[in-house]
Amino acid sequence: MAIVEVKVPQFSESVSEGTLLDWKKKVGEAFAQDETIIEVETDKVVLEVPAPAAGVLVEVTANAGDTVTSEQIIAKIDTEAKAGAAAPVAAKPAEAAAPAAAAAPAAAPAAGGASGNIASPAAAKVLAEKNLSAGDVAGSGRDGRVTKGDALAAGAKPAAAAASSIPAPAQRAALPSVSAPAGRDTSLEGRPEQRVPMSRLRARIAERLLQSQQTNAILTTFNEVDMKPVMDLRNKYKDKFEKEHGVKLGFMSFFVKAAVHALKKYPAVNASIDGNDIVYHGYFDIGIAVGSPRGLVVPILRNADQMSLADIEKKIAEYGKKAADGKLSIEEMTGGTFSISNGGVFGSMLSTPIINPPQSAILGVHATKERAVVVNGEIVIRPMNYLAMSYDHRIIDGREAVLSLVAMKEALEDPARLLLDL
């Protein structure tokens, strides 16, 4: 027998602990070297734990949902064993403990169902979206635990059917006992609820946004931009652009270039506060807000001023795929001097974006819609986009904020300015 330990990856200095997601295989099953054994969710990213060697999983010392620390041993692999011939698994202290642990499923109807199944946090979130409880799904995890894969494979059921799967006491327990007027039905049938713990990433997002609201003196300035010049330019060259660079020419690269153009003119908008100091950054690292299955993430375009439109489009496409797959690294989301959030892809007409600390400003881009506007004294139809820039009034005055947004507007309405640096 040759045993190899499986450890949690080394976290960055800013991350102290993580949560185990679902084990990819059961004890007794074989892994190839570097095959992902399990994933660890931190408050920033999801890290894969690869098999350090080919072999059979013979022992698991931490379950899905457990909190783990950097370099913690979570499993053991026998490099000489064959699948199905695993060594006996040593019971964890919690598993060998009192009968109270066995009663846990019955005390947690939100994560388990009538059958006593238990769902991992990731699986519970998927089940909630499908109106299912853990009791509706056959678990393939250890001790019948419902894994995320089980939840994804399960078919959704109608809300009405989901209501019947939740015990009546669980539906009513959260509400105080009150006297209702005669004839009013106080039953909660057909109104199910499910309590699901926040993921570490979601909790971190909540913490940072609340911190931003509490520590920054946030104001928002608005302007409108006629997108016709950019749209005409894009329509003229998009086919040649894609053929030449292997990526589609979108609009975000123009917004990034326009933002950098304005930040060069008004350095305070690219600055940040550190204690009682103002730090003026001589580089332009632009954060691009990206939606992912686990929440909002903001990967960084490093030295965006040195990137071409093609470079920007390629990097944004790469970040979008990584975000969807949960593959963004901590380094790719660390830093940034200014951010752009594009709510327009979801149809937003106007919003007031929240600053991503320690940055001091963020640009909100919205849906481009045809509107009636006055041009040279005549009413014409133009594709208009409302821009919103939130800024920290502690270091950015209203004049700088307004003029920087005007500079972005002018660059987008006359893209030649970006080439001539005007």
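This is a predicted model: local features need pLDDT of at least 70, side-chain atom pairs count only at pLDDT 80 or more; totals for chains, interfaces and linings use all residues.
## Ground rules

Local features need pLDDT of at least 70 and side-chain atom pairs count only at pLDDT 80 or more, while totals for chains, interfaces and linings use all residues. Numbering runs from 1 along each chain as its sequence is written, and side-chain values use heavy atoms, with hydrogens and water left out.

Buried here means under 20% relative accessible area, exposed over 50%, partly exposed in between (1.4 Å probe, protein chains only).

## Charges over rings

Two rings have a charge over the face (NZ of Lys or CZ of Arg within 6 Å of the ring centre and within 35 degrees of the ring normal): Lys25 sits over Phe31 at 5.1 Å, and Arg234 over Phe251 at 4.8 Å.

## Salt bridges

The count is 14 salt bridges, each a side-chain nitrogen of Lys or Arg within 4 Å of a carboxyl oxygen of Asp or Glu. One of them pairs Lys76 with Glu59 (4.0 Å, N to O). Lys76 is partly exposed at 26% relative accessible area, whereas Glu59 is buried at 15%.

Asp414 also bridges to Arg417, at 3.9 Å between the closest N and O atoms. Through shared partners, salt bridges join Lys315, Glu318, Lys322 and Glu332 into one network.
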